[in-house]
Amino acid sequence: QLQLVESGGGLVQPGGSLRLSCVASGFTLDYYAIVWFRQAPGKERDGVACISISGSTNDADSVKGGFTISRDNAKHTVYLQMNSLKPDDTAVYYCAAVRPHYASSWSTLDVSEYDYWGQGTQVTVSS
């Protein structure tokens, strides 16, 4: 089964940090741009950050300075380091894979263009 698998979510206090991981099952994500999304209850799914196959990154304005996306091709893993977490960051976080030429338009790309999705990992920021 071809899919992405996220891990690393959990409960954290405001101001804390988490690192999410995204790995591929049945294929290698090295040949895809990877985007992290999040969806809070009652809200739309929003793109958070994108990393190209070459390692170029781009973040949404809502997370600039707090979140960092990276990839380790030796481990075939993409990470989302989240620092200074706030209650508003509470959401299910998903990673998605898209063909490399879509990386520059990730923030406006229709979700139907993404090739693979993970099942999501819950992040809850609460005291």
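Leaving aside its neighbours within four places in sequence, which residues is R38 in contact with? In this predicted model, the list for R38 reads E44, R45, D46, V48, S62, V63, F67, D89, A91, V92 and Y93.

You will find R38 in strand β4. Its relative accessible area is 13%, and because buried means under 20%, R38 counts as buried. Two residues from its contact list also meet R38 through polar contacts between side chains: one with D89 at 2.8 Å, and one with Y93 at 3.0 Å.

**The largest pocket**

R38 also brings us to the largest pocket, where R38, A40, K43, D46 and D88 are the lining residues that lie nearest the centre. The lining has 14 residues in total, and the pocket's volume is about 210 Å³. Two elements give two or more residues to this lining, namely β4 (33-39) and β5 (46-51). Of the elements, β5 gives the most, with three residues. Sorted by class, the lining holds seven charged, four polar and three nonpolar residues.

**Aromatic pairs**

Now for the rings. How many aromatic pairs does a search of the whole structure find? The search finds six, and two of them are set out here. A pair of aromatic rings is described by the distance of the centres and the angle of the planes.

| Pair | Distance of centres | Angle of planes | Kind |
|---|---|---|---|
| F27 and Y32 | 5.6 Å | 80° | edge-to-face |
| F37 and W117 | 4.9 Å | 45° | tilted |

The planes of F27 and Y32 stand at 80°, so this pair is edge-to-face. Both F27 and Y32 are buried. These two residues also belong to one aromatic cluster, formed together with Y116.

In the other pair, the planes of F37 and W117 meet at 45°, so the rings are tilted. F37 lies in strand β4, while W117 is in strand β10 (residues 116-117), so the pair ties together parts that are 80 residues apart in sequence.

W117, with a relative accessible area of 23%, is partly exposed.

**Looking back**

Key. Residues are numbered from 1 along each chain as its sequence is written. This is a predicted model: local features need pLDDT of at least 70, side-chain atom pairs count only at pLDDT 80 or more; totals for chains, interfaces and linings use all residues. Side-chain values use heavy atoms; hydrogens and water are left out. On a 1 Å grid over the protein atoms alone, a cavity is a set of points where a 1.4 Å probe fits but cannot get out, and a pocket is an open set with protein on both sides within 12 Å along at least five of seven lines; lining residues have an atom within 4 Å of a point. Grid points are joined across faces, edges and corners, and a volume is the space filled by probe spheres set on the points. Helices (H or I, at least four residues) and strands (E, at least two) are DSSP runs, numbered from the N terminus. Ala, Val, Leu, Ile, Met, Phe, Trp, Tyr, Cys and Pro count as nonpolar, Asp, Glu, Lys and Arg as charged, and the others, Gly among them, as polar. Buried means under 20% relative accessible area, exposed over 50%, partly exposed in between (1.4 Å probe, protein chains only). A polar contact is a pair of N or O atoms within 3.5 Å; within protein, one must be able to donate a hydrogen and the other to accept it, and residues adjacent in sequence count only if both atoms are side-chain atoms. Contact means heavy atoms within 4.5 Å. Rings of Phe, Tyr and Trp (its six-membered ring) pair if their centres lie within 6.5 Å; planes under 30 degrees apart count as stacked, over 60 as edge-to-face and the rest as tilted.
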